[in-house]
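The structure is shown first, and the description follows.

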Amino acid sequence: MRLHAEVLDEMEGQEEEGAVVASAVLSPPLIGAVVAAATAPRLVVGYALTKKKVKSFLQPKLLLLARKNGISFVSIDESLPLSEQGPFDVILHKITSKEWQQVLEDYHEEHPEVTVLDPPNAIEHLNNRQSMLEEVADLNLSNFYGEVCTPRQLVITKDPSSIPTAVAMAGLTLPLVAKPLVVDGTSKGHELYLAYDEASLSMLDPPLVLQEFINHGGILFKVYIIGETVQVVRRFSLPDVNTYDLLNNVGIYRLPRVSCAAASADDADLDPLIAAFSYMIELPPRPLLEKLGRELRSRLGLRLFNVDIIRELGTKDRYYIIDINYFPGFGKMPGYEHMFTDFLLSLAQSKYKSGRAQKATCQLAIPVTFSGPGTFRRSGVKRVEAGEAMT
């Protein structure tokens, strides 16, 4: 696995100038842009993305680098049958409708040779925050430089008035972070609320997930996975909650999306000391992230996703996974065009090698040796003179 560790201050206006303070290669390098296009098969990538996603992801720097390496991106017209478009080597998509998912599944049954990034049934697990974290709740990475956990959480599907009782019975500790149960691809699916007191919980609007808030020093680590490549980006997050806050705050507070790339120290309302010295905060250990990436790819069946993790305040190696997102904002990462191009080239190379192996297997599967008159000796070729019986 290849791991890039990038630490970004994420101050407003400096997205493109995030300081790189750690970078390490943890596996043999993937095929890079230096590989001549002539030695790699041409790759056609059909994409079905929203207009917003096209703008943020298919940036000119990616399209140019891809074209230099024999990769072309072709827009898929959702109003036309998919079988009448292409041919494609890869289909890249982030459309959430049930109709599109069925179209894609039907297409893949007819064209199993086409790589779909990623399978709709695998993505579906991330569209529900209950099933999302159930997939990783029993991760055991204790032998890999740290412990990875999930916060204690409670799913509420109806009746807001029952929430205080349900929370008390579950033994959850305030404050609690409330998140929509369903991730539907809209901004509403990412709304966050912080509940300070039990009485106010009935003001929430189910269906939702309640997670225990874990103090983490105001820093969140976004772990991006592109195939076998992992990149870590440090972001500002929510400030810690202390005893004074709990005693002097009541009600439900809507939280900003502080983990997005535009969030600055001011947006996140960080302690000035955290903002000033955030670049000194240690990243999660590389072996831990390497193992985490492998485990999640295997469990989730995905190759394009990111994981939000936090480190519990006062600990050195206790981490919590708080969210997982399919096909996140890769375009916000410096150098993403190289990582994604390498990933696509690795798919092309794998497909090329697989095709050659299958061809070789077919040739070896039927060895031919004839010794009668008029025969032609060559492995895999039969030629018989007229009147000769072929055995």
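## Burial and basis of the model

A residue is called buried when its relative accessible area is under 20%, exposed when it is over 50%, and partly exposed in between (1.4 Å probe, protein chains only). Asp-308 is buried, with a relative accessible area of 5%. Asp-308 belongs to strand 14 (residues 304-311); helices (H or I, at least four residues) and strands (E, at least two) are DSSP runs, numbered from the N terminus. Between the C-alpha atoms of Asp-308 and Asn-325, 17 residues apart along the chain, the separation is 8.4 Å.

The model is predicted: local features need pLDDT of at least 70, side-chain atom pairs count only at pLDDT 80 or more, and totals for chains, interfaces and linings use all residues. Residues are numbered from 1 along each chain as its sequence is written, and side-chain values use heavy atoms, with hydrogens and water left out.

## Salt bridges

A salt bridge is a side-chain nitrogen of Lys or Arg within 4 Å of a carboxyl oxygen of Asp or Glu. By this rule, there are twelve salt bridges. One of them joins Asp-323 to Arg-129, with the closest N and O atoms 3.4 Å apart. Asp-323 lies in strand 15 (residues 318-326) and Arg-129 in helix 5 (residues 129-134), so this pair ties together parts that are 194 residues apart in sequence. Both Asp-323 and Arg-129 are buried.

Arg-318 and Glu-147 also form a salt bridge, at 3.6 Å from N to O. This pair links distant parts of the chain, with Arg-318 in strand 15 and Glu-147 in strand 6, 171 residues apart. Arg-318 is partly exposed at 28% relative accessibility, and Glu-147 is partly exposed at 35%.

Helix 10 (residues 286-300) has 15 residues and spans 21 Å from its first C-alpha to its last, close to the 21 Å expected at 1.5 Å a residue; the expected span is 1.5 Å times one less than the number of residues. Its buried residues include Leu-288, Leu-292 and Leu-296. Just after helix 10, Gly-301 takes a positive phi of about 70°.

The side chains of Asp-138 and Arg-299 meet in a salt bridge of 2.5 Å, N to O. Asp-138 is in the loop between helix 5 and strand 6 (147-149) and Arg-299 is in helix 10, 161 residues apart. Asp-138 is exposed at 54% relative accessibility, whereas Arg-299 is partly exposed at 31%. Asp-138, Lys-291, Glu-295 and Arg-299 are linked in a network of salt bridges.
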